[in-house]
Amino acid sequence: MSKYWIKIGVVVILFLGIAIFIAGMLVSANTFRPALESQISQALGRQFTLGNLSFSLFTGSLVAKNVEIAEDPAFGTAPFLQAKSLRIGVKLEPLIFDRKLIVTSFKAAEPSIRLLRSPAGTWNFASIGHGGSSPDSSGPPSAQQESAFPDLTVGEIKITGGTATVSTGAGNPMVYSNLALA
């Protein structure tokens with residue numbers, strides 16, 4: 001009698017595993033790209049773009065290729081950050097069953113980051129999260145700008161194999177490679 005229940009348990013577990021796998025295959029990750037780009041762009045105050053998105057059921061994440069965060073216009077047009085790939089951790093149950101995207105982590109592989117300081121002493125990253133205001137503008141962002149940001153909370157940000165180019169305006173830029181942030 002106990003072998004009978006073990007067989008039923010194994011069959012149920014296999015059936016559930018196959019059902020979850022098929023549900024994962026039905027998730028079209030690229031349908032979430034416009035919403036992700038819009039929410040993150042709004043939160044950063046800069047244009048955020050993703051390349052092709054794919055879904056990885058086993059890692060519980062969306063994988064984006066060719067990621068870019070635009071530079072503050074006061075510092076030029078070259079991207080502030082570029083990454084070959086970005087693994088976006090998501091909660092699986094809401095994604096698969098409700099098509100709702102809840103981001104839990106960002107893991108960037110081999111990003112290239114440009115850190116620039118203006119002659120006035122402000123850095124190009126100073127305007128991130130401030131609605132794209134110029135780094136040389138005075139005062140904090142207005143209440144209207146702050147309330148426009150989406151409720152985006154990320155539990156973990158991780159960088160592996162990163163490169164940072166730091167330019168203070170005096171002399172040649174310094175390049176730091178193989179950076180990691182966990």
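Rings of Phe, Tyr and Trp, the last taken by its six-membered ring, are counted as a pair if their centres lie within 6.5 Å. In this predicted model, that rule gives 2 aromatic pairs.

One of them joins Tyr4 and Trp5. Tyr4 is partly exposed, at 48% relative accessible area. Trp5 has a relative accessibility of 53% and counts as exposed. The cut-off for exposed is over 50%.

Another pair is formed by Trp123 and Phe125. Here the centres are 5.8 Å apart. The planes stand at 20°, so this pair is stacked; the limit for stacking is under 30 degrees. Trp123 is partly exposed, with 25% relative accessible area. Phe125 is partly exposed as well, at 38% relative accessibility.

A further ring contact involves a charge. The charged end of Arg46 sits over the ring of Phe80. The distance to the ring centre is 5.1 Å.

Turning to the strands, strand 2 covers residues 53-56 and strand 3 covers residues 61-69. The two pair in the antiparallel sense, over 4 bridges. Leu53 has Ala64 of strand 3 as its bridge partner. Strand 2 and strand 3 form a hairpin with 4 residues between the strands. In this hairpin, Gly60 takes a positive phi near 65°. In a regular strand, side chains alternate between the two faces of the sheet.

Key: Residues numbered from 1 in each chain as written. Predicted model: local features only at pLDDT ≥ 70, side-chain atom pairs only at ≥ 80, totals over all residues. Heavy atoms only, no water. Phe/Tyr/Trp six-rings, centres within 6.5 Å; stacked < 30°, edge-to-face > 60°. Buried < 20%, exposed > 50% of the residue type's maximum accessible area, 1.4 Å probe, protein only. Lys NZ or Arg CZ within 6 Å of the ring centre and 35° of its normal. Pairing = 2+ DSSP bridges.
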